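Please read it with the sequence and the coordinates open beside you.

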Amino acid sequence: MKNIMYRKSIFYYLLIFFPFIVSCSSDGSDKGNNMSELYKGSFVSVAHQTIGSVSINKEKTILSFTNFMTDNGPNLDIYLVENIENVTDNYLDLGNLQGINGNYSYSLPNNIDYSVYKYVVVWCTDFSVNFGYATLIEL
């Protein structure tokens, strides 16, 4: 008789708590944080509307632009900069902007300290204008 009562108790506990256990479990995926990314940021417009996001892979070899969009301009470059207030004081030039609407990737040089070079800037070199920038945040 004790054994039957014990089994019934366990059955009722499972019946009551099982939905909570299942609803709190994880499938192992974290949709808010891509595990292949080490840094991430979102563009902020400055002189021209600039939107989208940037990320750096774990190996620190690729800077990716996702859902990127900005205005067209002459001689637009991508800079990694130390100080957003003085873009051209200390920067690394990653090359020409590949396009004004889409997803793009840039190769990164080795041994960059992203605690120092923490801004990705769309820079118009002809007019010394910051179109927009993203601040890199370590994930």
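**Notes on the predicted model**

1. Of the 139 residues in the protein, 32% are buried, where buried means under 20% relative accessible area, exposed means over 50% and partly exposed lies in between, with a 1.4 Å probe and protein chains only. This is a predicted model, in which local features need pLDDT of at least 70 and side-chain atom pairs count only at pLDDT 80 or more, while totals for chains, interfaces and linings use all residues. Residues are numbered from 1 along each chain as its sequence is written, and side-chain values use heavy atoms, with hydrogens and water left out.

2. On confidence, the mean pLDDT of the protein is 85, and 75% of its residues reach 70 or more, pLDDT being the predictor's confidence in each residue on a scale from 0 to 100. Over residues 18-33, however, the pLDDT is below 50, and this stretch has three contacts in the model beyond near neighbours in sequence, a contact meaning heavy atoms within 4.5 Å.

3. The protein contains one helix and nine strands, and from the N terminus on they follow the order α-β-β-β-β-β-β-β-β-β; helices (H or I, at least four residues) and strands (E, at least two) are DSSP runs, numbered from the N terminus. Among contacts between residues at least 6 apart in sequence, 55% join residues at least 24 apart. The protein exposes about 9000 Å², of which carbon and sulfur atoms supply 54%, the areas coming from the Shrake-Rupley method with a 1.4 Å probe and, for residues, with only the protein chains shown counting as cover.

4. A search of the whole structure finds one salt bridge, that is, a side-chain nitrogen of Lys or Arg within 4 Å of a carboxyl oxygen of Asp or Glu. The partners are Glu37 and Lys40, whose closest N and O atoms are 3.6 Å apart. Glu37 counts as buried because its relative accessibility is 14%, whereas Lys40 counts as partly exposed because its value is 31%.

5. Glu37 lies in strand β1 (residues 37-45), and its side chain is also joined to that of Ser55 by a polar contact of 3.4 Å (a pair of N or O atoms within 3.5 Å; within protein, one must be able to donate a hydrogen and the other to accept it, and residues adjacent in sequence count only if both atoms are side-chain atoms). Leu38, also in strand β1, is buried because its relative accessible area is 18%. The C-alpha atoms of Leu38 and Leu136 are separated by 9.5 Å, although these residues are 98 residues apart along the chain.
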